[in-house]
Amino acid sequence: MAAGDPQATASFVRRFQARVFGLAVSIVGATATAEDVAQEAFVRAWRYAGGYDPRRGAVLPWLLSITRNAAIDAIRLRRDRPYEPEVMLALLTAADNAIAEPSDEVADADRIRVALRGLPLEQATAVVLAIFHGLTAKEIAERQGVPLGTVKTRIRLGMSRLRDHFEVRDE
């Protein structure tokens, strides 16, 4: 493959494609994304085949580490999609499933959505802005035009209710 032999490359892909795809699916959780990840992994393997050193290990772990890194990159890209805070809050607290979810949504999205619906809107907004958007309490206070202490209380009460909802206990 490092020499650019198309037959060797085809054999390589056929030999490892199931393992690569299986690992990609297990990490990204969606077959369409996993197909892209598997393709990216093989492209990276082809690109860096000259750097592979068989003395350092077998080819399968090398290829699976490339796949793992490609899958993590894909997940990171997915997370970087910006949403306006109001849009995200509406998505998270929607009372019904009228808004279609992407098929590769995280498995716990429904549980989080249900828990957020159980919070007063002010607390849910503060929690979403703090947790999902990474805003500080001061930034949220400025954005909403409310005192800093009020925002801190909303975040604390919201998180406390979420912890109760998910039955999280400090030990």
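The following dialogue goes through a predicted model and sets its values against the definitions behind the terms.

Student: What kind of model is this, and how are residues and atoms counted?

Tutor: This is a predicted model, in which local features need pLDDT of at least 70 and side-chain atom pairs count only at pLDDT 80 or more, while totals for chains, interfaces and linings use all residues. Residues are numbered from 1 along each chain as its sequence is written, and side-chain values use heavy atoms, with hydrogens and water left out.

Student: What makes up the secondary structure of the protein chain?

Tutor: The protein chain has eight helices and zero strands, where helices (H or I, at least four residues) and strands (E, at least two) are DSSP runs numbered from the N terminus. Along the sequence the pattern reads α-α-α-α-α-α-α-α.

Student: How do you know that helix α1 falls short of a straight helix?

Tutor: The expected span of a helix is 1.5 Å times one less than its number of residues. For α1 (residues 6-28), with 23 residues, a straight helix would reach 33 Å, but the end C-alpha atoms are only 29 Å apart. There is also a bend of about 55° at F16, the bend being the angle between axes fitted to the seven residues ending at a residue and the seven starting there.

Student: Why does the span of α6 count as agreeing with expectation?

Tutor: The twelve residues of α6 should span 16 Å at 1.5 Å a residue, and because the end C-alpha atoms are 15 Å apart, the two values agree. Just after α6, G134 takes a positive phi of about 70°, and just after α1, G29 takes a positive phi of about 80°.

Student: Why is Q123 called buried?

Tutor: Buried means under 20% relative accessible area, exposed over 50%, and partly exposed in between (1.4 Å probe, protein chains only). Q123 has 8% relative accessibility, and therefore counts as buried. Q123 is placed in helix α6 (residues 121-132), where the buried residues are Q123, A124, T125, A126, V127, V128, L129 and A130. Over the protein chain, buried residues make up 30% of the 171 residues.

Student: Which residues does Q123 touch once its neighbours within four places in sequence are left aside?

Tutor: Contact means heavy atoms within 4.5 Å, and with those neighbours left aside Q123 is in contact with R154, L157, G158 and R161.

Student: Why does L119 count as buried, although it lies in a loop?

Tutor: L119 is in the loop between α5 (109-117) and α6, but the class follows from accessibility, and at 9% L119 counts as buried. Leaving aside neighbours within four places in sequence, L119 is in contact with A124, G158, R161 and L162. L119 and L162 are 43 residues apart in sequence and 8.2 Å apart in space, C-alpha to C-alpha.

Student: Why is the pairing of R44 with E40 called a salt bridge?

Tutor: A salt bridge is a side-chain nitrogen of Lys or Arg within 4 Å of a carboxyl oxygen of Asp or Glu. The closest N and O atoms of R44 and E40 are 2.9 Å apart, so the pair meets that cut-off. R44 and E40 are four residues apart in helix α2 (residues 31-47), which means that about one helical turn separates them. E40, at 30% relative accessibility, counts as partly exposed.
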